[in-house]
Amino acid sequence: MSTDDTGVVFPAGPDGRRSTAAVGRAVVADALRPVDPTGARAAGSETNWRAGYLVHFRRLVEAGLASPEAALTVAGAGLDAVHARLRVTGDGGEQPLAALPDAPAGRAPATREVTGTAEPEREFSLPFHGRRLRGDDLLRQVDSWVERGIAEPTLADAVRTVAAHPEWLALPGRTVVVLGAGAEMGPLTALLRWGATVAGVDLPRPDLWRRVLDTARRGAGRLLVPAGPGDGDLAATAGADLVREVPAVADWVAGLPGAPVLGDYVYADGATNVRVSAAVDALTLRLQRDRPDLALAFLATPTDVFAVPGDAVEQSVRAYAGRSRAGKLLGRPLRTLSAGRLLQRAYVPGADPGISDSLVAQQGPNYALAKRLQRWRATVARAAGTTVSMNVAPPTRTRSVVKNRALAAAYAGAHRFGVEVFEPATSNVLMAALLVHDLHTDGGPRHDQPWQDEAYAAVHGGLWRAAYAPRSALGLAAVLGLGAARG
C-alpha cells in the first residue's frame, strides 16, 4: 500500500486505499489472458497475492514458450496493463499512466558537466577478491565460472570479445543515461573509469550526489547532470525524481549529445519499486518517440523465473545424480518431513528448455512485478528493432540484500549448494562490460526465441545449473549461513 499520492501511483479502490496487490493480480491476469485464459483466471482469483504470487509469475514465463509470438503477446499485454491501470496525479488531477508520455514538463533542468581527472583505462580488467584480473587471468576466471555452471557458456564469448577490443570501453559517440546513478549495481563507476560520457539521474539527495560527483572527478569520463538554476554547490541542486518528473527528465535526455542509451538501474523498497519502474517505462516510450536512435539497457535479477537451455538442465541433472552419499541420505528424510518442499531436483531430466524458478518469496510481488516490467519492455523493444542490452546479473551482496536478514543468511550459505554470490565490485564491472559488448554488437546475437535472448551470457551464479531447485535449498542455505551472515 502506498500512502504517497503524487506522481505515478497505484489506483485508489472504492474504499480509497491504493492496493498494490489488486494491481499486481490484475496486471498478471491481463498479461496471461491472450495466451493462457486458465492461468489468467487463476491469477485474477488469487486470494492471497502476497504469498501466492510465485506460481503466477512462473506461469507468465511458461505461457510464452509456445512460440516467439506468445512471448511477445504476454510482454505486450503486461505492459499495456501497467499503463492502463497505474495512475499519475498532479496539478491536473489524476490520469492513466498512458497519458504521461504527452504531459508537459514542470521545469527544464540545466545540464552541468563534471570531467574526470584520471587517464582512461586502456585494458579491460575485472576486480575479483582484492585483485584485478586481466589478460589470461581474466579469461581463466571466466572459463572457471562457465565450467562450474556459475554462468552460461556464452559469457566467455562476450568477455573475450570485449577484452580484444579495449577501444570499445569508452563507448565513443554514445551517452549512457544511468537512471539510478547511485545504484550499487549500476555501471556508472566503470563507464567513467573507461572514459565514457554518462548522464546520471537520481533523486535530489545531496549526500548521494556528493558521492556520485566524487566518483566522476576521480574517473576519466564526462558526467552530465540535471540540475537546478545557478552555479553553486552542484550536489545541492542535482537530481530529479522520476516518479514525479518524467516529462522534465525526458526533455532533458532528448537534448543530450550523442546517441542515447537509456539504462534502467532504479530500485526502491516495496510499492515504490513498481512506481519508479513504471515511470521509467513511460519515460522510455516518450524518448523512443523523440529519439528514434535510443538504445535500452537493463539488468535482470537472478532471483526470477527463466527458461534455460537443455545443456543447463543436463548439468543440473548430473549434479543431482552425483551428490554426495551424505547428501542423498539427508535428502530423503528432509523431503519427507517438509512434504517434498526441501531439496527437490531442479528439473525433469530431458527438459528443453527447462524452467529455473529462483523467485524468492521474501522479496515480494512488488519486486517481482517491477523486474518483470523491465523484461517485458526489453522483449517488445528488441522485437521492434531497438538495440537492447538485457543481462542477467549474478547474486550479489548489495546493501539491499544484506539488510534483509533471511536473504543475507541464504547468500552466506549458498555456496554449499553450488551457488556463487558475487561482490558488488565484480558484478558492476562485469555487467558494464556486457553492456559495452551489446552496444557494439547491435544488442548481441539474435535468437529464435525471446527466452534465448535473455539466456545469452547470463551470470546466474549457479542458480540455473545447481542440483536443487533454488527455493527448495534456500531455507537450508539460510540456516547454514546464519552465523556467517551475522559476522
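Student: In what order do the strands of the open sheet of three strands run, and how do they pair?

Tutor: Strands here are DSSP runs of E with at least two residues, helices are runs of H or I with at least four, and both are numbered from the N terminus; two strands pair if DSSP finds at least two bridges between them. In this open sheet of three strands the order is β1-β2-β3, and the pairing is antiparallel. The edge strands, each pairing on one side only, are β1 (7–9) and β3 (93–96). From one strand to the next the twist averages 30°, where axes are lines fitted to C-alpha atoms, for helices over the stretch in contact, and angles run from 0 to 180 degrees between N-to-C directions.

Student: What should I keep in mind about where these values come from?

Tutor: This is a predicted model, in which local features need pLDDT of at least 70 and side-chain atom pairs count only at pLDDT 80 or more, while totals for chains, interfaces and linings use all residues. Residues are numbered from 1 along each chain as its sequence is written, and side-chain values use heavy atoms, with hydrogens and water left out.

Student: Which residues does Val8 touch beyond its neighbours in sequence?

Tutor: Contact means heavy atoms within 4.5 Å. Leaving out residues up to four places away in sequence, Val8 touches Leu86, Arg87, Val88, Leu97, Leu100, Val243, Arg275, Ala278 and Ala279.

Student: What is a nonpolar core, and which residues touch the most other members of the largest one?

Tutor: In soluble globular proteins, nonpolar side chains tend to be buried together. A nonpolar core is a set of buried Ala, Val, Leu, Ile, Met, Phe, Trp, Tyr and Cys residues joined through side-chain atoms within 4.5 Å; buried means under 20% relative accessible area, exposed over 50%, and partly exposed in between, with a 1.4 Å probe and protein chains only. The largest core here has 91 residues, and those touching the most other members are Val8, Phe57, Leu97, Leu179, Leu242, Leu283 and Trp464. Helix α11 (residues 271–290) gives the most to this core, with nine residues. Because domain 1 (7–106) and domain 2 (110–310 + 349–485) both contribute residues, the core lies between them. There is also a second, separate core of 61 residues, which includes Leu171, Trp194, Trp209 and Leu234.

Student: How is the meeting of the two domains described in numbers?

Tutor: The size of an interface is often given as the accessible area lost when the parts come together. Domain bounds come from an automatic or database domain assignment, and buried area is the accessible area (1.4 Å probe) that two parts lose on being put together, summed over both. Between domain 1 and domain 2 about 3300 Å² is buried, and carbon and sulfur atoms give 73% of that area. Across this boundary, 37 residues of domain 1 are in contact with 45 residues of domain 2, while the centres of the two domains, taken over C-alpha atoms, are separated by 24 Å.

Student: Is Ser277 buried or exposed?

Tutor: Ser277, in helix α11, counts as buried because its relative accessibility is 2%. Beyond its neighbours within four places in sequence, Ser277 is in contact with Val266, Ala370, Leu373 and Gln374.

Student: How many residues of helix α10 are buried, and what covers them?

Tutor: Helix α10 (residues 246–254) is mostly covered, with seven of its nine residues buried. The covering elements include β4, β7, β8 (197–201), β9 and α11.
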